[in-house]
Amino acid sequence: LVEDVAITLGQALKDEVPARATRYGWAQVPMDEALVEAAVDVGGRPYYVGPLPSRLYEHFLQSFAVNLGATLHVRVIRGKDKHHTVEAAVKATGLALRQALVEGDRVFSTKGSVAVERVD
């Protein structure tokens, strides 16, 4: 069920990524003794780097990132309580996404717009 929710959430959010999304976001969240940061790129290249102290939530974030088509890096800087660490990771991911999904004034990529001309 957890994986299914991550897949569905990722696919639904993928449909909402603006064509001119800011694309990148980063956040760091303190939660009591835990400190976690997340960095995201919603540019269509699915990849996840953890780890979290719980395989269940690790798999959730991986499934979410892959189905969103996002690169997601989550780094636990410190944390003893698994609950605080996972909660900080999810909140940092949400805050990073909030930055990345803002509509900007241009497409943040050169894909398809760079041409190579060879001169003899």
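Predicted model: local features only at pLDDT ≥ 70, side-chain atom pairs only at ≥ 80, totals over all residues.
Me: What makes β3 and β4 a pair?
Reply: Strand β3 (residues 47-49) and β4 share three bridges, in the parallel sense. At least two bridges are needed for strands to pair. So β3 and β4 count as paired.

Me: What is the hand of the crossover from β3 through α2 to β4?
Reply: The chain runs from β3 through α2 to β4, and this β-α-β crossover is left-handed.

Me: Why are β2 and β4 also called a pair?
Reply: The cut-off is at least two bridges. Strand β2 (residues 34-41) and strand β4 (residues 71-78) have seven, in the antiparallel sense. The pairing therefore holds. A38 faces V74 in β4.

Me: Why are α2 and α3 called roughly parallel?
Reply: The axes of α2 (residues 55-68) and α3 (residues 82-100) cross at roughly 15°. Angles under 35 degrees count as roughly parallel. Therefore α2 and α3 are roughly parallel to each other. Their axes come within 11 Å, and the crossing is right-handed.

Me: How do you know that α2 meets α3, and through which residues?
Reply: Contact means heavy atoms within 4.5 Å. Y57, L61, F64 and L68 in α2 meet V86, T93 and L97 in α3. Of the residues in this contact, six are nonpolar, one is polar and none is charged.

Conventions: Residues numbered from 1 in each chain as written. Heavy atoms only, no water. Axes fitted to C-alpha atoms, helices over the stretch in contact; angles between N-to-C directions. Helix = DSSP H or I, 4+ residues; strand = E, 2+ residues; numbered from the N terminus. Parallel < 35°, antiparallel > 145°, perpendicular 65-115°, else oblique. Left-handed = near helix turned anticlockwise from the far one by under 90°. Nonpolar A, V, L, I, M, F, W, Y, C, P; charged D, E, K, R; others polar. Right-handed = clockwise from strand over helix to strand, strands pointing away.
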